[in-house]
Amino acid sequence: MLVSFVTVMSAQAQVTLHDKASQKVDLGFGVEQSEFLSTVAATTISGEELQQTSAISLADALYGKLLGLNVFQKGGFVGDEDRGATLNIRGYQTWSEKEILILVDGYERPIDRLTVEEVESVTVLKDAAAVALLGHEAINGAILVKTKRGHLGKTQIKVGYSHKFTFDPEFADMLSGYEYASALNRARANDGLSPAYIQQELDLFKTGTDPHFYPDVNWKDKAFRNRGSEDRVNLSVFGGNDKVRYYTLMDYTGSRGLLKDTKQKEYDSQLKYSKANIRSNVDFSLSSTTNMSVNVLGIFMETSQPNDVDANGAAWYVYKTPASAFPYQTSSGIWGGERSLWRCQRRGKDPGFRIYENPPASVVGRCQAGPGSEFLGKRTECFCERGL
């Protein structure tokens, strides 16, 4: 008896064709062209895609999202006026004017303070054919931003909330007070000079038995906490009929920074950023041939930061102030260090100067004690050498 087995295998594949004829490219001034017929170099991203990022501004949300658009994010506090990302399209095209043209609903506007929630789409125009309608001002390319508008239908209400944690910046491993003093001695030896610290003093740095005169301070832990936070809440109302269509948005962002122990009796010098965007876009159909659009945007912003140092300055002070420079605070609560200048002299050389700041004291804006105070009476000078 002959037995045969027949196995039938089938596979199905689904292919979705992109209908380029139905896709439009925005070229500015209300001119749109079919992707199928257009030869311009342009890329568009929708607002829904941008909302998948945690960025609180449109400029930061564009990072890595559009082909040909280079976005360089700046460091620092989100509330700084010039913190917004730097943009260019396919690199710089001229040596003089390097700015790209940015249009929001047809008008030249900055996008650093726009929220992602209010954006319908962003189009990047990258070549000469794409920016032909915009003239010489778009020689370096252009970004066209469309904000959301109302549409036919019943009134809809949308509410959103998000919470974000921010973490302290990465720092290089710092030398301890003992390591710094030992390195200073080696540097002086390389220059043929006598040691700045004798062995007994090095032992005091190492054991920490005299923290006022021979301190070992981890300035990073004293100045920064582990994390900050950021909250966003927004409310939008949109709808309309054949005569009037409307879109209204209220968006609030609140950010609290990473500085440590900033709350004082009189004030709080913590990095804070509060911003509210209120937008209303209304479209009127006055007749079969006449339409009118009204766009209103209000931005209310409040920032708070230390008086004596900016967001980057606190980190810079951590790097430039040695662990052995002076104590964090005395037992009576006096800040260590001198506010303006810590005098340094080279043995056998001309007097020199090095600025040392107490990072936590600079953050809260408190006066710092100088040479001759209760804990600096023994050593009123340090030594700056070329070998270190």
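Tutor: A nonpolar core is a set of buried Ala, Val, Leu, Ile, Met, Phe, Trp, Tyr and Cys residues joined through side-chain atoms within 4.5 Å, and buried means under 20% relative accessible area with a 1.4 Å probe, protein chains only. The model is predicted: local features need pLDDT of at least 70, side-chain atom pairs count only at pLDDT 80 or more, and totals for chains, interfaces and linings use all residues. Residues are numbered from 1 along each chain, and side-chain values use heavy atoms, without hydrogens or water.

Student: Which residues of the largest nonpolar core touch the most other members?
Tutor: Among its 25 residues they are Phe77, Trp219, Phe224, Leu259, Ala314, Val318 and Val363. Two or more residues come from each of α5 (219-223), α6 (311-320) and α7 (359-364), helices being DSSP runs of H or I, at least four residues, and strands runs of E, at least two, numbered from the N terminus. The most come from α6, with 5 residues.

Student: What is Val363 in contact with, beyond its neighbours within four places in sequence?
Tutor: With contact meaning heavy atoms within 4.5 Å, Val363 meets Leu259, Thr262, Ser269, Pro306, Val309 and Ala314.

Student: How do you know that β13 and β14 pair?
Tutor: Pairing needs at least two DSSP bridges between two strands; 14 bridges join β13 (residues 272-285) to β14, so they qualify.

Methods. Buried means under 20% relative accessible area, exposed over 50%, partly exposed in between (1.4 Å probe, protein chains only).
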